[in-house]
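These are notes for a colleague who is opening this entry for the first time. Please read them with the structure in view.

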Amino acid sequence: MITTKDLARICGVSLGTIDRALRNRPGIRPETRDRILAKVQEYGYKPNINARNLKKNKTAEVGLLVHDLDNEFFGEFVNAVQEIAWQRDFYVQVAVSRRDEKRERTALEHMAGRNVDGILLFPASSGPDFESFLRGLGRPVVTIANRLSPAWPFVGLSDRSTERGVTAQIIRRGYTRLYFVGPLCVSPGRLNLYSIEERYAGFMEAVREALPGREALPGPAGVSGHLVGGTDYVEELRSVDFSAERTAIVCCSDVFALEILNDLRRRGISVPRDVGLMGFDSIEALRYVQPALSTVEYPVRRMSEVAFSLVIDPRPADAPAPSIELSPRVVWAESV
C-alpha cells in the first residue's frame with residue numbers, strides 16, 4: 001500500500017505539501033496540487049484512517065444502544081444513524097438493552113472499553129446511581145427519547161404537547177371514552193419511561209380539558225380517560241364493552257396498536273366503526289395495514305442528525321447541556 005511518504009518521494013515534494021494537497025489546504029500552487037492528486041489516482045492511494053485517528057486520540061466509532069429491534073422504529077433509527085455515520089467516515093457499534101439494567105451497563109462498558117468517540121443512548125435506567133455510572137465511562141453521552149437529569153444532552157420529541165393535541169382532536173371527533181395503552185406505566189422499579197409517561201400526561205391533560213365546565217377544549221359531556229398500563233394490554237381491553245359508548249384506544253406505539261388491531265379483528269370488532277384506534281411512531285409496516293392507522297410520525301432522520309452531531313462535537317465543559325425537542329407530524333388516516 002502506498003503511503004504519504006511514497007507520494008512525497010514520487011512527486012519530489014515535502015510531506016507538508018502532500019498534506020496540503022490531500023486536505024485542500026492553502027499554501028500550495030494549483031499545478032502542484034493537480035500533479036499530486038493525479039499521482040493519488042494513478043497509484044490508488046488510500047488514507048490510513050487508523051493512523052490519523054490515533055494521532056487525534058479518536059477511533060471514528062460511535063456507540064448506539066437501543067431498547068430492542070422488535071419495534072421497527074428502533075430499526076429505522078439504527079439505519080438512519082448508520083447512513084449519517086458512513087457519510088462522515090464513522091462506524092457505529094450497535095447494542096440492544098432489552099430494557100434490562102444489567103445488560104445496559106454491560107453494553108455501555110464494552111463501548112467505552114472500545115474507546116468509542118461517543119455514545120447515543122436510549123436510556124432504560126435512570127437515577128443518580130446510573131448517572132454516576134455514565135460519568136465514569138469518560139465518554140460523551142447523548143440521551144434520546146428518555147430524559148435523565150438536565151446535566152445530559154437530550155434529543156427527543158414534544159411528547160406531551162403532541163399527545164395532548166392528538167387526544168383533543170379525537171375528543172372533538174365525538175369519542176367520549178378513551179383508553180391510553182402504555183405498557184409498563186404501572187410497573188414498579190427504576191425503568192426510564194419518560195417518553196411514555198409524557199404521552200400519558202398529555203393524554204390526561206386533554207381529557208381533563210374536555211370535562212364539563214371547561215372552556216378551553218369543548219367536547220362531549222362525560223369524557224373519560226383510562227390507563228391500560230400492564231404488559232397484558234390486549235387481555236385488559238377484552239373486558240371493555242365497545243358498544244356501550246363511543247370509544248377510542250390511544251397507543252404509545254404502533255406496535256401495540258397493531259397487536260390490538262389484530263385481536264379486534266379476531267373478535268369481529270371493526271375499526272373504526274366499533275372503536276377508534278391511534279398509534280405512535282409511523283413505522284414502515286403501516287403501509288400494508290388496513291384500515292390505514294392514524295399515527296404520529298417520528299422525524300427519525302432529523303433526530304439522528306441532531307443526536308449524531310451532538311455526540312461527535314461535544315460541548316465545552318462549562319456549557320449547559322443542550323435539550324432539543326423536535327415536533328413530529330400527526331398522520332390522520334382511517335382508524336379514527
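1. A residue is called buried here when its relative accessible area is under 20%, exposed when that value is over 50%, and partly exposed in between. By that rule, buried residues make up 49% of the 336 residues in the chain. Please keep in mind that this is a predicted model.

2. On the overall make-up, the chain holds 12 helices and 12 strands. Its radius of gyration is 26 Å, whereas the globule rule gives 20 Å for 336 residues; the value is well over the rule, so the chain is more spread out than a compact globule. Along the principal axes, the C-alpha atoms fill a box of roughly 90 × 40 × 40 Å.

3. How much of the contact count comes from residues 24 or more positions apart? Among contacts with a separation of 6 or more, such pairs account for 69%.

4. Threonine 295 deserves a look. It belongs to strand S10, which covers residues 295-297. Is threonine 295 buried or exposed? Its relative accessibility is 1%, and the limit for buried is under 20%, so threonine 295 counts as buried.

5. The side chain of threonine 295 makes two approaches to backbone nitrogens. One is to phenylalanine 280, at 3.2 Å. The other is to aspartate 281, whose backbone nitrogen lies 3.4 Å from a polar atom of the threonine 295 side chain. Leaving aside residues up to four places away in sequence, threonine 295 also touches others, including Asp254, Met278, Leu286, Arg329 and Val331.

6. Aspartate 263 lies in helix H11, residues 254-266. With a relative accessible area of 4%, aspartate 263 is buried, because the value is under 20%. Which residues does it touch, not counting those up to four places away in sequence? They are Val234 and Arg238. Arginine 88 is 175 residues from aspartate 263 along the chain, and the C-alpha atoms of the two are separated by 45 Å.

7. Most peptide bonds are trans, and most residues other than glycine have a negative phi. The bond from valine 271 to proline 272 is cis, with omega near 10°; proline 272 sits in the loop between H11 and strand S9, residues 276-278. The bond from glutamine 290 to proline 291 is also cis, with omega near -5°, and proline 291 is placed in the loop between S9 and S10.

8. Two residues with positive phi come next. Arginine 98 is not a glycine, yet its phi is about 55°. It is found in the loop between strand S2 (91-96) and helix H6 (101-113). Its relative accessibility is 42%, which falls between 20% and 50%, so arginine 98 counts as partly exposed.

9. Alanine 145 has a positive phi of about 75°, and it is not a glycine either. Where is alanine 145 found? The loop between strand S4 (141-144) and strand S5 (154-157) contains it. Alanine 145 is buried, because its relative accessible area of 7% is under 20%.

Technical notes: Residues numbered from 1 in each chain as written. Predicted model: local features only at pLDDT ≥ 70, side-chain atom pairs only at ≥ 80, totals over all residues. Heavy atoms only, no water. Helix = DSSP H or I, 4+ residues; strand = E, 2+ residues; numbered from the N terminus. Rg over C-alpha atoms; globule rule 2.2 N^0.38 Å. Buried < 20%, exposed > 50% of the residue type's maximum accessible area, 1.4 Å probe, protein only. Contact = heavy atoms within 4.5 Å. Polar contact = N/O pair within 3.5 Å; in protein donor to acceptor, adjacent residues only side chain to side chain.
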